[in-house]
Structures are given as structure tokens and as C-alpha cells.
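Hi,

Here is the structure I promised to pass on. Have a look at it first, and then read my notes below.

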Amino acid sequence: MFSRRNLVALGGLVATAAANPCDIYADGDTPCVAAHSTVRALYSAYSGELYQVKRGSDNTTTTISPLTAGGVADAAAQDTFCANTTCLISIIYDQSGNDNHLTQAPPGGFDGPDEDGYDNLASAIGAPVTLNGQKAYGVFVSPGTGYRIDSGKDVATGNEPEGMYAVLDGTHYNDACCFDYGNAETSNTDTGAGHMEAIYYGNSTSWGYGAGDGPWIMVDMENNLFSGADEGYNSGDPTLSYRFVTAAVKGGEDEWAIHGGNAASGSLSTYYSGVRPDYTGYNPMSKEGSIILGIGGDNSNGAQGTFYEGVMTTGYPTDDTEASVQENIVAAKYAITSLTSGPALTAGDTISLRVTTPGYTTRYIAHTGTTMNTQVVSSSSSTTLQEEASWKVVTGLGNSGCFSFESVDTPGSYIRHDNFVLYLNADDGTKLFSEDATFCPLEALNGEGNTIRSWSYPTRFFRHFDDVMYAASNGGLQVFDATASFNNDVSFEITTGFAS
Ligand SMILES: *[C@@H]1O[C@H](CO)[C@@H](O)[C@H](O)[C@H]1NC(C)=O
Ligand SMILES: *[C@@H]1O[C@H](CO)[C@@H](O)[C@H](O)[C@H]1NC(C)=O
Ligand SMILES: *[C@@H]1O[C@H](CO)[C@@H](O)[C@H](O)[C@H]1NC(C)=O
């Protein structure tokens with residue numbers, strides 16, 4: 001059968017626009033019914049809206065499109081719009097023409113942390129990458145973050161066949177429920193076994209799991225994460241450690257499959273392909289056709305992960321089609337880029353951090369026991385106080401692209417956030433601690449020094465408020481999230497440490 005691409009080639013046209021994922025699925029007669037990405041166009045001819053950002057300074061929005069048809073997102077347009085303020089990703093547009101846009105997920109079986117039980121929106125700067133050398137921003141999902149469309153147009157329902165894939169950050173995950181992308185309930189509640197069919201990524205062992213310690217690609221079919229034919233353990237589903245992961249899942253009539261691999265090189269492997277799980281409710285399926293990102297079907301929102309691109313198709317894509325999609329993903333050349341900007345920090349240095357808010361500029365970030373605060377410090381302060389206001393910069397405990405701040409007077413204790421309050425706590429060796437103690441310095445929002453964002457909650461920044469230190473979000477629900485004076489309160493001048 002001649003594909004449209006072949007016909008173009010036969011016609012001798014010069015146009016050699018490479019086929020993007022949704023062109024490839026269309027050629028395979030399993031077209032995309034939804035296509036989501038904040039980093040690039042998923043059709044070679046697509047030049048429309050990729051996503052919308054909303055800025056904190058005035059709550060206005062703008063849309064970000066590809067630089068060229070079929071190309072990488074115009075990240076510079078976001079940077080310009082978001083200069084000197086914070087930005088959230090408010091809409092992830094559907095490129096398929098079906099208007100299956102993903103927006104802030106509503107409450108369901110579980111409430112989200114934002115107003116009226118909605119989930120949080122993701123920071124627009126949490127997941128910078130490059131594609132073919134051009135900067136773009138993915139969707140960094142912290143616990144509590146989620147996107148959804150309740151009634152997806154043309155998305156599989158009942159036992160109808162469908163395919164889907166997503167490109168994810170293989171190193172950003174946890175074991176909470178559930179970092180998903182795919183088909184879920186239209187009611188935002190758990191309506192029973194077989195009512196979902198979504199890619200899951202993480203190291204939950206509450207339902208299924210695979211070989212090694214995880215993370216694994218599994219399929220959330222509701223009330224179960226399947227890693228293969230059986231409930232629980234399936235040896236064919238490997239632990240993945242790639243920075244960029246391709247996860248491809250499909251579900252047909254009495255068949256389903258998990259394929260996965262390195263999104264930056266090589267081909268996909270088959271982790272499962274076979275019959276439906278032999279447990280009540282999963283054969284036939286009762287899919288409902290909502291689309292979720294970052295949450296479970298009942299709005300469980302404890303999980304974390306990063307999403308760069310993904311699609312839903314109608315029909316059961318062939319392995320060959322999925323292999324071609326993987327080739328296109330590899331050709332997009334996903335690569336990491338710097339997580340920091342502004343005045344550079346150097347691991348090993350001892351620093352102090354001076355407040356820049358007018359009227360408070362004699363204050364420095366300090367601690368009193370486990371309480372993080374600001375105090376007036378100078379070279380004539382006591383040695384004790386000078387040490388309490390001095391921090392050893394070390395490579396980020398949770399991500400080597402950022403930093404952690406170790407106390408000078410209490411070695412082994414680091415600044416960390418817990419419920420969005422900053423504390424000085426001893427490193428307990430857990431993944432949670434290392435992530436909560438990792439911060440990425442950025443060019444200051446007020447231009448004076450650095451604004452220091454949380455790695456694990458990129459909407460949150462070091463902020464002094466009533467002389468206490470918080471991990472604050474701009475215009476969030478807490479008192480310490482107040483927009484007034486936000487830019488100044490989150491900007492700190494890095495100085496040589498008092499006690500260095
Ligand atoms: C933006 O909207 C939020 C939520 O409605 C509100 O708290 C905040 O004050 C608004 N910000 C501005 C600058 O108007
Ligand atoms: C998931 O991985 C983290 C980090 O290795 C580990 O601390 C946690 O116990 C794991 N969870 C499960 C359920 O195995
Ligand atoms: C905006 O940020 C830039 C640095 O990114 C800085 O030079 C400038 O002073 C800031 N402007 C305001 C009004 O804070």
C-alpha cells in the first residue's frame with residue numbers, strides 16, 4: 001500500500017519534510033485522536049498552538065507555537081513573556097484538530113491542592129531540555145499537579161482499540177499513585193476495573209511491578225497497574241534508567257502490549273504483548289475516553305514525573321508503526337540542558353544569601369535550630385550567628401544539575417522544604433529528602449542576584465516572609481504565597497560566606 005509519504009516521494013516533489021509521529025500513525029491507518037506536547041509539533045505540517053502559559057505578574061496568558069511547521073516550540077517567546085515573573089502551563093493544546101486540550105484537572109475521587117479541589121498547574125520552567133539543540137520546556141509534574149479533559153472526542157470507549165505513547169523523564173518518578181498519561185474515567189472517579197487504559201511510569205509496587213527496583217512502564221487499567229499477563233510481578237517488564245524514556249502502550253480486543261526504550265537512541269523493546277489480564281473486568285474493557293496527564297483516573301495526585309510529548313490513537317498500531325515513531329523521536333534529539341541561570345554557584349564554596357527586599361537588606365538567610373529564618377548579620381556579629389548564616393554549596397543531593405545547601409555549623413544538615421516551609425534537617429538518606437533539599441538558582445526575578453527554585457516543586461522558590469523562610473509559589477493559596485513583594489522576597493544576593 002502506498003502511504004502518502006511514498007506518493008510524495010514518487011511525485012518527485014522536493015518537499016522532504018520528515019514525517020512526525022502523527023503522520024506516521026496516520027500512514028499506518030491508526031491516526032492520532034489527540035496529540036500533546038509542549039516541546040514540538042507532532043505533525044510535520046503543524047504550526048498551531050502547542051501550549052498556553054499564564055504569568056504571575058498580571059494573570060494574563062499567551063500561547064506558544066513551534067518555531068517552524070513541524071518544529072520545536074518557541075521557548076524564547078515563553079522566556080520573553082515570563083521575564084521577571086513566574087509562569088504556569090495552563091493549557092496543553094491538542095494538535096489533532098479534535099480539541100482534546102488538557103487543562104487543570106478537576107477534583108474527583110480525590111481533591112487536588114489548588115482552589116476548589118483542582119490540581120495544581122505545572123511550572124513553565126520545570127523541565128528545560130533541548131531538541132536538536134533548540135531549547136524547549138516539558139511538563140514537570142510535582143505531586144498535586146494534573147491535567148485532564150473529561151470527555152475526549154474520538155478517544156476509544158468500551159473495548160475499542162487504541163494506541164498511545166509518551167516521552168518521559170526516566171529519572172523523575174516516585175512510588176505514589178499515579179503518574180499516568182492516557183484513557184480514564186469521564187467522571188474523575190473510580191468506576192471500576194477496565195475503565196482506564198493509560199501509560200503509568202514509576203516504582204509503585206502496590207499493584208503490578210517488574211524486574212529490579214523500578215521504575216517501570218506499566219498500564220493503569222483501573223484498580224490495577226499491569227506489568228504483564230499477571231497481577232503483581234512480571235519478569236518481562238524491566239527497570240528503566242534512561243534519562244529520556246519512550247513508553248508505548250496499546251490495547252485492542254483481547255490483546256494489549258507494552259513497548260519501551262531509550263527516547264534518545266535505539267529501538268523499542270517489547271515488555272509485554274499478549275492476551276488481556278484474566279481477572280474480572282479487564283476483558284472486555286470498559287474504556288471511557290477521558291484523557292489524563294500526571295494523575296490517576298480518580299484524580300489520585302501523589303505521583304511525580306515529567307512529560308514531553310504523547311499521543312492517543314484510534315485503532316491498534318502495528319509494531320512497525322511504533323518502531324517508526326521511535327525513529328522519529330530519536331531523530332528529534334532530546335538532550336539535557338542547564339537547570340540554572342544567573343550568577344553561578346560553585347560546589348565547595350561557602351556563601352551567605354542576602355535579602356534584597358528594600359528595608360530588609362541587612363538580613364541574611366540563617367537558621368535557628370531547625371527553623372529557617374532571616375537575621376541581621378554583619379562581620380561584627382558573633383561567630384555563632386555568622387556560622388548560622390553561612391552555607392556550604394554542594395552538588396544537588398537529588399539532581400546533579402542543581403545544588404544543596406549544607407549548614408556550616410551543623411554538617412550533614414541541609415536546607416529542605418517540607419509542606420512548603422523551609423527547615424534545616426539532617427539528611428536521612430531517603431530519595432524524598434534528597435529531592436526536597438535540591439534547589440536550582442536562577443537569574444533573580446528582580447535582577448539582583450538569584451531566585452532559588454525548588455527542584456521538586458518548580459513553582460516554588462526560597463522566600464522570606466515575616467522573617468521566616470518558605471518555599472513559596474507566586475499567588476498560591478498560602479499566606480506566604482502573597483503576590484505583593486514576591487519578586488523582591490524571592491531574590492537573594494549571593495555573597496562570600498561570613499564563616500568561610
Ligand atoms: C492572579 O489570580 C490569583 C488567583 O485568582 C490571585 O490570587 C492573584 O492575586 C492574581 N494576581 C494578580 C497579579 O492579579
Ligand atoms: C521507589 O524508589 C525509591 C528510591 O529508590 C525508594 O526509596 C522507594 O522505597 C521505592 N518504592 C517502592 C515501593 O519500592
Ligand atoms: C528583570 O530581570 C532582569 C534580569 O533577568 C533584570 O536585569 C531587570 O532589572 C529585572 N527588571 C525588574 C523590573 O525587576
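Leaving aside neighbours within four places in sequence, which residues is E49 in contact with? They are T63, S65 and Y93, where contact means that the C-beta atoms, placed from the backbone, lie within 7 Å.

Before the rest, some housekeeping. This is a predicted model, so local features need pLDDT of at least 70 and side-chain atom pairs count only at pLDDT 80 or more, while totals for chains, interfaces and linings use all residues. Residues are numbered from 1 along each chain as its sequence is written, and chains are lettered from A and ligands numbered from 1 in the order in which they are written.

Back to E49. It sits in the loop between β1 and β2; helices (H or I, at least four residues) and strands (E, at least two) are DSSP runs, numbered from the N terminus. With 17 C-beta neighbours inside 10 Å, E49 counts as partly exposed. The cut-offs there: buried is 20 or more other C-beta atoms within 10 Å of a residue's own, exposed is 12 or fewer, and partly exposed is in between, with C-beta atoms placed from the backbone. E49 and E322 are 273 residues apart along the chain, and their C-alpha atoms are separated by 25 Å.

S47 belongs to the loop between β1 (32–37) and β2 (51–55) as well. S47 is partly exposed, with 15 other C-beta atoms within 10 Å. Not counting residues up to four places away in sequence, S47 touches A41, S65, P66 and A69. Between S47 and T459 there are 28 Å from C-alpha to C-alpha, and 412 residues in sequence.

Now the interior. A nonpolar core here is a set of buried Ala, Val, Leu, Ile, Met, Phe, Trp, Tyr and Cys residues joined through C-beta atoms within 7 Å. The largest one has 96 residues, and I199, V219, A247 and V311 touch the most other members. V311 has contacts beyond four places in sequence with P21, C22, Y25, C32, A34, A35, L42, M164 and Y165. There is also a second, separate core of 41 residues, which includes A366, F405, A444 and L445.

Five of its five residues are buried, so β25 is largely enclosed by the rest of the structure. In a regular strand the side chains alternate between the two faces of the sheet. Both faces of β25 are covered, with F403, F405 and S407 buried on one side and S404 and E406 buried on the other. β25 runs antiparallel to β24 (residues 391–395), and five bridges join them; two strands pair if DSSP finds at least two bridges between them. F405 is the bridge partner of V393.

The UniProt record (an unreviewed entry) annotates residues 353–493 as "domain: Alpha-L-arabinofuranosidase B arabinose-binding". UniProt positions are given in the numbering used here, feature names are shortened, and annotations may be inferred rather than shown by experiment. The end C-alpha atoms of residues 353–493 are 6 Å apart, and the span is 11% helix and 44% strand.

On to the ligands. A residue is listed if its C-beta atom, placed from the backbone, lies within 6 Å of the molecule. For the classes, Ala, Val, Leu, Ile, Met, Phe, Trp, Tyr, Cys and Pro count as nonpolar, Asp, Glu, Lys and Arg as charged, and the others, Gly among them, as polar.

- Ligand 1 has D58, N59, G475 and T483 around it: no nonpolar, three polar and one charged.
- Ligand 2 is surrounded by D175, N203, T205, G214 and K431: no nonpolar, three polar and two charged.
- Ligand 3 has A83, N84, E443, N446 and G447 around it: one nonpolar, three polar and one charged.

Last, some backbone details. Most residues other than glycine have a negative phi, and most peptide bonds are trans. G214 and P215 are joined by a cis peptide bond, with omega about 10 degrees, and P215 is in the loop between β12 (197–202) and β13 (216–220). The bond from N283 to P284 is cis too, with omega near 0 degrees. D99 is not a glycine, yet has a positive phi of about 60 degrees; D99 is exposed, with 11 other C-beta atoms within 10 Å. N419 also has a positive phi, about 55 degrees, without being a glycine, and it counts as exposed with 8 C-beta neighbours inside 10 Å.

Cheers

Definitions and conventions
Two residues are in contact if their C-beta atoms, placed from the backbone, lie within 7 Å.
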